[in-house]
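The report below is written for a reader who is meeting this structure for the first time. Please look at the sequence and the model before reading on.

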Amino acid sequence: MTELLTSAQMRAVEMAAIEAGSVTGLALMEKAGQGVVGAVFKRYPHLAEGDHVCQVLCGPGNNGGDGYVIARLLAARGWAVHVFALAPAKTPDAKHNAERWAQGSAPLTVAGLTAAPAPDLTVDAVFGTGLTRGPGEDLVTALRCAYDRSALIVAVDAPSGFCLDSGRWLGGADGCVAADMTVTFESPKVGHYLAQGPEACGQLETVDLGLSAWRAARSASAAASENVRLLDPDRDAARLRAHFTKGQGHKYSHGHVLVLAGGMGRTGAARLAARAALRVGAGAVTLAAPGSAMMECANQVTAVMLRRCDSGADLEALVGAGKISTLVIGPGLGLEDRHAGLVRAALATGLRCVLDADALTLIARHPELRAALHADCILTPHMGEFARLWPDLAQRLTDGGEALTGPAFSKIDATRAAAASAGCTVLLKGPDTVIAEPNGHANVHAALYDHTAPWLATAGAGDVLAGFIAGGMAQSTRDAAWCAAAAAWLHVEAARAFGPGLIAEDLPEIVPNVLRKLFGVSSS
Ligand SMILES: NC(=O)C1=CN([C@@H]2O[C@H](COP(=O)(O)OP(=O)(O)OC[C@H]3O[C@@H](n4cnc5c(N)ncnc54)[C@H](O)[C@@H]3O)[C@@H](O)[C@H]2O)[C@@H](O)CC1
Ligand SMILES: [K+]
């Protein structure tokens, strides 16, 4: 997995390397500026030829210092470079580079910007990891003007005003601008992969500053609850292969998933989850339906087995009959008292249990169900369900909440707090899916940047995800969070493999193609 850093962690890595004497701040700044110029030329080769017009927006801190380095490097190539400064450079390294920039600067104002020629490239180096509050109104207006006037905008670390810890615009959406490319340093920051990150940052490039030993030392010495990992399909391929490998053995040695279905006319969601669990490799899958829905289910399932289950006592008996390893409850279940009874019975089995959809609403309504959650449960809410379960945490993420005023409160913070309060793994859905454990371990699976899967926004896709998680869990002793992460990966890959026109039924059916690709097996 790729490590995602907060702004404070990035500063700590840099400071540790500087204090140990292995590098100077100035050398890092030079490398950062060179890295940005290199990344620009790599992505936009036409700019590497000839001379162009550039405006560089510089703040008072080291982000601005990077801007002065970039200005110098581009001017040395014959470019016409105009620097606009928000304030004089304040940090020693930024001051040094501002002084080396011999051509002077104009104030960062709309009047100053519009008096200069329209640029081919704008470099936004006003604020990076040091952003502490939303930019003032005048600055927002000037930034918007600069962004509007340029053919191409490259942000250094982040578009200014964007919070690298939460993925939100500090001060609210008024300050929002969108870069074409953002160049960050050493490691992506959590904000790049959360909320409005991709929209704000455009393409994301990471420049290596040679601090990997310091980065590793920081993450090794930090509490695991402080580290955030990004599931990386390339780096994690071996682990994913291990997860989806079916060993030798009898069908029940690959686990038996029981999916609870709702009443007549509502069984589609559970059938989707059941099919998904089977496709992903569970040895056996049983659909447990109330008497009223038995005919409906019987007409629709083949490899999935079917049993009648009207009450908590029936569920207990089905589980008591043995061999069930994992439960899925919630998709299309219903919200009546008898459904709460089924959730109660499911939790009382102590089995690994994926709780989704209606089960989440029931847990929000019935405190005794919340109290019965145990470490082998996974809750898979979307944001609406999350807000029902944890209205206070959801509120902190909304526009009136502290996410926009700082200190940053992110989707990762919210999911961690939810997992700690529930005492089990929580997967909070979205293009930025966050998976957190009660001990604070967190990882992100992002269908973002060049890995989007917009087709997943389709009815029933969440039911399939619940099935993917359960199917993987049933045959694995791995921790619930990893099972959730692997399922989130498969979900996105399946959507991407199918592409436009996708409906939820297609997701389980395309799984063999995705797994063949993962295992490097030809489909012919
Ligand atoms: N951490 C590292 O390893 C490296 C960092 N570098 C650069 O250094 C940057 C961080 O530098 P700094 O820590 O100096 O922070 P920044 O340069 O991001 O911003 C800090 C300055 O902006 C002011 N400020 C913050 N929010 C403001 C607001 N809303 N309105 C007005 N002023 C505001 C602060 O008072 C401070 O003067 C990174 O983003 C990166 O660009 C690179 O030079 C190389 C290596
Ligand atoms: K910036």
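In which loop does G430 lie? G430 is found in the loop between β16 (425-428) and β17 (432-436), where strands (E, at least two residues) and helices (H or I, at least four) are DSSP runs numbered from the N terminus. The model is predicted, so local features need pLDDT of at least 70 and side-chain atom pairs count only at pLDDT 80 or more, whereas totals for chains, interfaces and linings use all residues. Residues are numbered from 1 along each chain as its sequence is written, chains are lettered from A and ligands numbered from 1 in the order in which they are written, and side-chain values use heavy atoms, with hydrogens and water left out.

**The annotated site**

According to an unreviewed UniProt entry, the annotation "binding site" covers K429, G430, P431, D432, T433 and G462. Although these residues are spread over 34 residues of sequence, they cluster in space, with a largest C-alpha distance of 14.3 Å. Such annotations may be inferred rather than shown by experiment, and their positions are given in the numbering used here, with feature names shortened. P431, also in the loop between β16 and β17, touches H445, A446, A447 and L448 when residues up to four places away in sequence are not counted; contact means heavy atoms within 4.5 Å.

**The potassium ion**

The protein donors of the potassium ion (ligand 2) are N63 (OD1), D124 (O), F127 (O), V156 (O), A158 (O) and S160 (OG), at 2.5 to 3.2 Å from the ion. Donors are N, O and S atoms within 2.8 Å of the metal (3.2 Å for Na, K and Ca), and sites may look incomplete because water is not among the atoms.

| Residue | Relative accessible area |
|---|---|
| G430 | 32%, partly exposed |
| N63 | 10%, buried |
| A158 | 0%, buried |

**The nonpolar core**

A nonpolar core is a set of buried Ala, Val, Leu, Ile, Met, Phe, Trp, Tyr and Cys residues joined through side-chain atoms within 4.5 Å. Of the 83 residues in the largest nonpolar core, I329, V343, L355 and L379 touch the most other members. Domain 1 (2-222) and domain 2 (237-245 + 252-376 + 434-519) both give residues to this core, so it lies between them; the domain bounds come from an automatic or database domain assignment.

Methods: Buried means under 20% relative accessible area, exposed over 50%, partly exposed in between (1.4 Å probe, protein chains only).
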